[in-house]
Amino acid sequence: MANKPSIPKGTRDFVPEQSSKRQFIFDTARSVFQSFGYQPIETPAMENLETLLGKYGDEGDRLIFKILNNGDYLSKVDDEKLRQKDSNALVKELSDRALRYDLTVPFARFVVQNQNELSFPFKRYQIQPVWRADRPQKGRYREFYQCDVDVIGSDSLLNETELLCIIDQVFSKLGLDDISIRINNRKILSGIAEASGLSAYFQQMTVAIDKLDKIGVDGVKEEMIRNGLPEAGVKKALNLINLTGDAEGVLNMLAGAMTGVEEAFRGIDEVRTVLKSLPESTREKVKIDLTLARGLNYYTGAIIEVGHSEFPSSICGGGRYDDLTGMFGLSDMSGIGISLGADRIYDLMEAKNLFPSNLDAGTQVMFVNFGQAEALKSFELASEVRASTMSAEVYPDSAKMKKQMKYANDKGISFVCMIGAEELASGTVAVKSMGTGEQENISMDALSNFLKEKLK
RNA sequence: GUGGUUGUAGCUCAGUUGGUUAGAGCGCCUGAUUGUGGUUCAGGAGGUCGUGGGUUCGAGACCCAUCUUCCACCCCA
């Protein structure tokens, strides 16, 4: 055998069964998004490198897949730079384009570029793959799908409410009722930083406290101090974050500890308003979690993350961003969005056996091929069957009966129709149920109605 | 990017301290049944042991490199 073909690390093929299941997730998300008035858009797999660089932090820049320039790309590079072998400095010389890292930044670019054709608030959803040069591990791929829903051009908190409802509905429809939806607000975090004298270290503070459930209070404290944050401030911040109790209780305690910190009060108000506006059934699933921070630093208000006790990482995340379009030259465009991690949801649903069994709705009726004349007649009847809204196919080759029957069996086809010389002469068709093994002859005229009745 | 782990037939895996011709189950193909799948029975095909070097009289087993898998860190869907 020649060298076995393979695919790049962290990417996957999907066989029909897996693909059907993935489609089920996409379709479910899509139907919910559309029912709330969101419209689909698509953007290219690649963006100009410049569009993406610097939007996700240094760590993010490292994880962006860069596309090598075409043509004689080395001839234009400065000799001195080449000799120094500084990869980072050379990237911009060698690569002008990159694969998209998420859907949010390309969306911001899209909004700025198409602002005159869009009416605001603009509600869009987008289901496309993104690429990250991360090391693969559990729930982590180099190519994966995000299902993004965003509304931009409105700072109403009703959007927060709506997105939480969307999350609730999508996961309910998928059979994942036992998710935990955690919310927080960057204004609260910013207030905590201010009250603790850590404003200058806001980014490091959020990255650290985001790990609280993983490495514990002591771990977070250690990390913050290691990163040079003043110990007194760290202690104060951790005390504030560690408040526990029901939502109202936590918010009240927090408000009490935050006198004079305007920013925090705005955040607390926002959280209160959102919680109050949620339908009861959704509110039950939403918990306020002051340790939720989220690494992406473009978030400015509400932040949302969805997790499941049987999965190590989040399956959905998002938040409000006040100025994402600003970096592309359009300011005053507040937006909020969430992103569902389709691949992680898939893995979780597979582990919990949540996919409906009838998903692979392939062919319902197959016609055995006995030869040219017979196959032509079968082809005709198959069209009739299809016209009666059933799926039908004619086996393309006049292969051995056994092979054709095995094909029908393997493919889970419910009924096999046989039109051989005898049937052709008598105007009948032998219909065999693959489930029961029963077989009966019926007239060709009655076939569609017969099958329709049986397949009900 | 850092640390660890994995790779033997299409799939899941055996393979003793290095020692003849590398095995099993499932799947696949053929036949019993040339117009009947799924069940049963009888046969059969399929592997340069991830790849490239090295140690050795001898390597699927040992060493090095590389790719891949999975896991943790970083970061994240």
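Reply: Start with one term: two strands pair if DSSP finds at least two bridges between them. Keep in mind that this is a predicted model.

Me: Which residue is the bridge partner of Val130 in E6?
Reply: E5 (residues 122–131) pairs with strand E6 (residues 143–152). The two run in the antiparallel sense over 10 bridges. In E6, Val130 has as its bridge partner Phe144.

Me: How many residues of strand E5 are buried?
Reply: Buried means under 20% relative accessible area. Strand E5 has 10 residues and is mostly covered. The buried count is 9.

Me: Which strands stand at the edges of the open sheet of 3 strands, and why is one side of each left without a neighbour?
Reply: The order is E2-E4-E3, with antiparallel pairing. Each edge strand has a single partner strand, so one side lacks a neighbour in the sheet. The edge strands are E2 (46–48) and E3 (66–67).

Me: Which residue in E4 stands opposite Met46?
Reply: E2 is joined to strand E4 (residues 97–99) by 3 bridges. These strands run antiparallel. Opposite Met46 stands Leu99.

Me: What is the average twist from one strand to the next in the open sheet of 5 strands?
Reply: This sheet has the order E13-E12-E14-E15-E16, with mixed pairing. Its edge strands, E13 (392–394) and E16 (439–443), each pair on one side only. From one strand to the next, the twist averages 25 degrees.

Me: Which helix packs on the sheet, touching E12 and E13?
Reply: Strand E12 (residues 365–368) and E13 run parallel, joined by 3 bridges. Met366 has Glu393 as its bridge partner in E13. The helix makes about 170 degrees with the direction of E13. It spans residues 372–387 and is H16.

Me: At roughly what angle do the axes of helix H9 and helix H10 cross?
Reply: Met205, Val207, Ala208 and Ile209 in H9 meet Leu212, Val220, Glu223 and Met224 in H10. The contact residues divide into 7 nonpolar, no polar and 1 charged. The axes come within 8 Å, and the crossing angle is roughly 145 degrees.

Technical notes
Residues are numbered from 1 along each chain as its sequence is written. Chains are lettered from A and ligands numbered from 1 in the order in which they are written. This is a predicted model: local features need pLDDT of at least 70, side-chain atom pairs count only at pLDDT 80 or more; totals for chains, interfaces and linings use all residues. Side-chain values use heavy atoms; hydrogens and water are left out. Axes are lines fitted to C-alpha atoms, for helices over the stretch in contact, and angles run from 0 to 180 degrees between N-to-C directions. Helices (H or I, at least four residues) and strands (E, at least two) are DSSP runs, numbered from the N terminus. Contact means heavy atoms within 4.5 Å. Ala, Val, Leu, Ile, Met, Phe, Trp, Tyr, Cys and Pro count as nonpolar, Asp, Glu, Lys and Arg as charged, and the others, Gly among them, as polar. Buried means under 20% relative accessible area, exposed over 50%, partly exposed in between (1.4 Å probe, protein chains only).
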